[in-house]
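Subject: Structure handover and findings

Hello,

Here is the structure you are taking over. My notes on it follow below.

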Amino acid sequence: MAPITTDNCEFECATSVESGNNTDNFENDINIDNERFVSSASNDSNLSQVQAEEHVAEQQEQQPKQMPWEAPGKQGLYDPQNEHEACGVGFIVAIDGKRSHKILRDAQTLSERMNHRGACACDNDTGDGAGVLASIPHGLYAKALAEKGVNLPELGNYATGIFYLDEAQAASAEAEFNELAESLGLSVLAWRTVPTNQQAIGVVARKSEPLSRQVFVARPEGLDEKSFQRQVFVLRKRASHELAKQGRRFYICSLSDRTVVYKGLFTSDQLWEYYTDLQDPEFETYMALVHTRFSTNTFPSWERAHPLRVLAHNGEINTLRGNVNLMKAREGVMQSELFGDQLKKLYPVVEPNLSDSGSFDCVLEFITMASDRSLPESVMTMVPEAWQNDRTMPQEKRDFYQWAACVMEPWDGPALISFTDGRYIGAVLDRNGLRPSRFYVTKENVLVMASEVGVYDVDPSQVTLKSRLKPGRMLLVDTKEQKLIQDIELKSRIAKSRPHSEWLQQKITLDEIRNANVLNTPIEEPPKPPASQRGIFDPRLSLFGYTTETVNMLLIPMFKNKKEALGSMGNDAPLACLSGFQPIPYEYFKQLFAQVTNPPIDPFREKVVMSMQCPIGPEANLLQPSAQQVHRIWLPNPILSIPDTQLLKRNTHRGWKTKVLDITFQYSEGTRGYMECIERICREGASAAQAGYQLIVISDREAGSNERVAVSALLALGALHHHLIETLQRMKVGIIVETAEAREVHHVCVLLGYGADAICPYLAFELAQALRDDGVISADVTDKQIYAAYAQAIDTGIAKVMAKMGISTLQSYKSAQIFEAVGLGNELIDKCFRGTQSRIGGVTLEILAKEGLERFQLTYGKVSPDTHILRNPGQYHWRHGGEAHINEPSSIGSLQEAAVNNNKNAFEAFKKTTLESVKNCALRGQLEFVTDREKIDISEVEPASEIVKRFATGAMSFGSISLEAHQTLSITMNRIGGKSNTGEGGEDSDRYLNQDPNNSRRSAIKQVASGRFGVTASYLANADDLQIKMAQGAKPGEGGELPGYKVTKDIAKTRKSVPGVGLISPPPHHDIYSIEDLAELIYDLKCSNPNARISVKLVSEVGVGVVASGVAKGKAEHIVISGHDGGTGASSWTGIKNAGLPWELGIAETHQVLVLNNLRSR
């Protein structure tokens, strides 16, 4: 059985995995010591064990029964929301629109040759999905219906599509559909059972096989083509919303007067055998779009196969949650001349429980149908080029993109999207170009596009044009005009279609507001505290949880060097939910990052695609292009200075109004006051949006004065943002956060991720001004320079955090909620952070309120003179009496004493202090052994000499540790029969070629990372395990760097480099940017060393189990789950402290999901 490993221990699982429902339930075997688990204030709020068990049983009863065609629902640590996919995609089109059967046969070849791009389920015979979208084969359908005595009207006078139904409910579903069609003025001509060959598909696919029924809907006389297409769209949308019921299968693959989709749970060669229509020589088409899917899970479904209604997609939309939330919020401001009152019946635009591709498909089709945009323009709006930093771009095109940015945020992530509506067929690549796409045009006037070469045989002499799609570029064929339209011509035509440049004159800038204000009254500066309470003695610092480390290690370097300080050696401090020092809510959030299924990007070397520019303020009607859409304030970055915030608070320029919401309350009101304050903010915010205010500023300026306590700005913002989305008011206002609480890069990222449009961290600025006056920062620095230095440091930090997730624009990152919470209760999540994963539950709003009040008491309660001095609980460096750390001095001292002098007592002391540290800092410390089981006789247990053979050292490069230490680890592990790991820095050949059996310095595990340092044929051949490093524990999503001065002769020789030259291992996308590429690398490593076990190192985050199942399907034999606390590499403190999750969650999720997928035995 393939083991899963964490960075420092390996678990062999003795679970039989033959039965699919054998999910080990975490709760059954492990008691969690709840009292230590949430913060110290939470003891009274925990459920007893009995209540918890009743609650679980009740939840299971409430869950609807799973139907045979449905994938497993949320269970244990598995959540279907975390599913990813990667794919092969291609199309063939006759540019002149001539129909032939050859196009379909060529598409079959194309599809079958991309079989390696798909994947197989545990039965090795069911694909993850394949399909084809073609133009309607009128001859074939006319003949099939004539046999039933139905006369099919001419092509264009009817719409058709295939439905997935279940035998039991098919008749009632069809009858209801017919009624709905009649109510819309359309009539159903006929239904046809699509002929299929069940023998062609795998066992798993057969279990969930639908009844495929095809409908034909006639076009009423006198209705023009466009109106008919819209009415058919309304019919399909309403049927999807109104006819789908619990226990009934109802899915419409497509419904169109031009195209038809055949798809299902196949490998790409099974598709052509299953649907017998596709073998019929009368199936003539002028285009065919094919797709083959690699789902990271083996619960792909018939419904989720591509092509969808207007697109097939290879890649991943990273900003999905924000895009979907904002699309819902737009329902409050959208109006359509074309649909009038019918528009509301098309909501929600994005149907629930769709993949990223499905959500994108819904929005793309909706924009095209409900506004007068063409399909290519809608694609340009949703997937814009990197226009912000491109100096060579023509002005009119840049102006189009800037106007489009005011209309909608980009759907960002690596993507090759091929799209068609029957007239246009084309493809677009994301702004980074992180997906491949090649195309040929032949002398026969046929264009072939595919996500790789070699899928279509054509004589080179017959090729008239051969090229690849470049980042952000579009390829388009217009079959009506019978021509291939190149990117430049196409976008120039769209850019000139409206006066975008003229409209942009209406955008508002901060300079414009400042200049308008010069003529009015001067800006009032907020009152400054007395001299005795300035700088490091400001009581508000303690009130908002600042420490001396915050000031010295984080803020001063930002103001001095314009960048965040670096740290190293991982993070061994406790999780926020285990802290004894009132952590602020931001500390509970961990940044998510890209691994395997999509690539992180490099924020420094790929700066050209990144942008912090954002429009803020009310959005106009998405469906009606106009100058009104540009009436927004255009900000170059999200950090506002104190004067600019004061200005915006009383801005009346161009008739704008700002509502300031005070987020403080009287200390005497206690926790109830805290909770009521949040309710009041939601009410006042919604009223302000309805009353026509353009900006809302939530401010905690009043905190500290007159016994007033502030609600956490993050909680107030999250609750308000989600309340406005639910009440469809969010698009009517911009939200600015004026807070003393936020100061670090991570804090700003969390605020942006949960709905802030701009942030003024005024206490950080006021502290910097005081430090300048005290001489800590250079005395000649002006206020303006302080604001600029801090904004630059924060911008660089945000760029790094976004890049980890593969997101390039701040506009897409805002509201995208790319975080997981660790230790926040579900009630709190639902109120303030809806849609965020928080898998272990935890603190309630009441506990956070108590801790906020405790901080006020510590600061203003005047308990002792000590409270006047800023605390240092030692969050970064261990302090006596401060926060616990896993590695603390006394346990290290005991370990050294035990090792040097073979002192048993010292070892006992080491064991005791280490276990205590783990209990104080980590999730595993909260688990208790079950004591009521029958004991196993010691004779049945493996001897220690066998157990140690499964030990493996952490992967530390020679370079991050000394050669002596590196070799000592190897010799030790070889002597006991365990394994040492080279790390990504390679290993010198004399260590594995000239071995002394008793002192072998050979590392059994050889690592291969993105830098490929020292990776040679002999290095690969001399390994027991070859480990592909996909992410680093301490700083997932970032590359490593060894500065030039550390690259000695020995290191350079081992890494096949030059002494003194810095070595960078880039974020792993230069060679692995998807699951298929990882599968390819696994295959290559197998070829280089057939005897080695191939291991893949992942980092714990929500969804890592789903990624791991994709890795197992990619034929890896071993999976390592690394935790957030490990790693030697240097990185910004933001990455070290706030990215990645405890390995305990990762290992549990990975095991559960592999078992659920029947892949654990692989």
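A salt bridge here is a side-chain nitrogen of Lys or Arg within 4 Å of a carboxyl oxygen of Asp or Glu. The model is predicted, so local features need pLDDT of at least 70 and side-chain atom pairs count only at pLDDT 80 or more, while totals for chains, interfaces and linings use all residues. Residues are numbered from 1 along each chain as its sequence is written, and side-chain values use heavy atoms, with hydrogens and water left out.

Salt bridges

The search of the whole structure gives 63 salt bridges. In one of them Asp-457 pairs with Arg-113, with 2.6 Å between the closest N and O atoms. The two residues are 344 apart in the chain: Asp-457 sits in the loop between β16 (446-450) and β17 (463-468), and Arg-113 in the loop between α4 (101-112) and β5 (130-135). Helices (H or I, at least four residues) and strands (E, at least two) are DSSP runs, numbered from the N terminus. For burial, the cut-offs on relative accessible area are under 20% for buried and over 50% for exposed, with partly exposed in between (1.4 Å probe, protein chains only). Asp-457 is exposed because its relative accessible area is 57%, and Arg-113, at 33%, counts as partly exposed.

A second salt bridge joins Arg-330 and Glu-619 at 2.8 Å, N to O. Arg-330 belongs to helix α10 (residues 320-330) and Glu-619 to the loop between β23 (614-616) and β24 (633-635), 289 residues apart. Both Arg-330 and Glu-619 are buried.

In a third, the closest N and O atoms of Lys-1053 and Asp-988 are 3.0 Å apart. Lys-1053 is in helix α34 (residues 1049-1054), and Asp-988 is in the loop between α31 (963-976) and α32 (990-993), 65 residues apart. Lys-1053 has a relative accessibility of 52%, so it counts as exposed; Asp-988 has 16%, so it counts as buried. There is also a network in which salt bridges with shared partners join Asp-538, Arg-540, Lys-649, Arg-701, Glu-738 and Glu-766.

A parallel sheet

An open sheet is made of four strands, in the order β25-β27-β29-β30, with parallel pairing. β25 (658-662) and β30 (758-760) are the edge strands; each has a single partner, so one side of each has no neighbour in the sheet. On average, neighbouring strands are turned by 20° against each other, direction ignored. Strands count as paired if DSSP finds at least two bridges between them; β25 and β27 (residues 695-699) run parallel and are joined by five bridges. Within that pairing, Thr-658 stands opposite Leu-695 in β27.

Helix α19 (residues 642-649) lies across β25, β27, β29 (734-738) and β30, at about 135° to β29. Such angles run from 0 to 180 degrees between N-to-C directions, with axes as lines fitted to C-alpha atoms, for helices over the stretch in contact. Contact means heavy atoms within 4.5 Å.

A covered helix

Helix α12 (residues 375-382) has eight of its eight residues buried. The elements that cover these residues include α11 (356-370), α13 (395-407), β13 (415-420), β14 (424-429), β18 (474-478) and α14 (487-495).

Backbone details

Two cis peptide bonds are worth a look. One runs from His-306 to Pro-307, with omega near -5°; Pro-307 is in the loop between β11 (287-295) and β12 (311-315). Another runs from Tyr-347 to Pro-348, also with omega near -5°, and Pro-348 is in the loop between α10 and α11.

Gln-482 is not a glycine, yet its phi is positive, near 55°; the residue lies in the loop between β18 and β19 (483-485). Lys-562, also not a glycine, has a positive phi of about 60° and is in the loop between α18 (548-561) and β21 (566-567).

The chain as a whole

The chain has 38 helices and 39 strands. Its radius of gyration is 31 Å, close to the 32 Å from the globule rule for 1162 residues, so the chain is as compact as a globular protein of that length. That radius is taken over C-alpha atoms, and the rule is 2.2 Å times the number of residues to the power 0.38. Of the 1162 residues, 60% count as buried.

Regards
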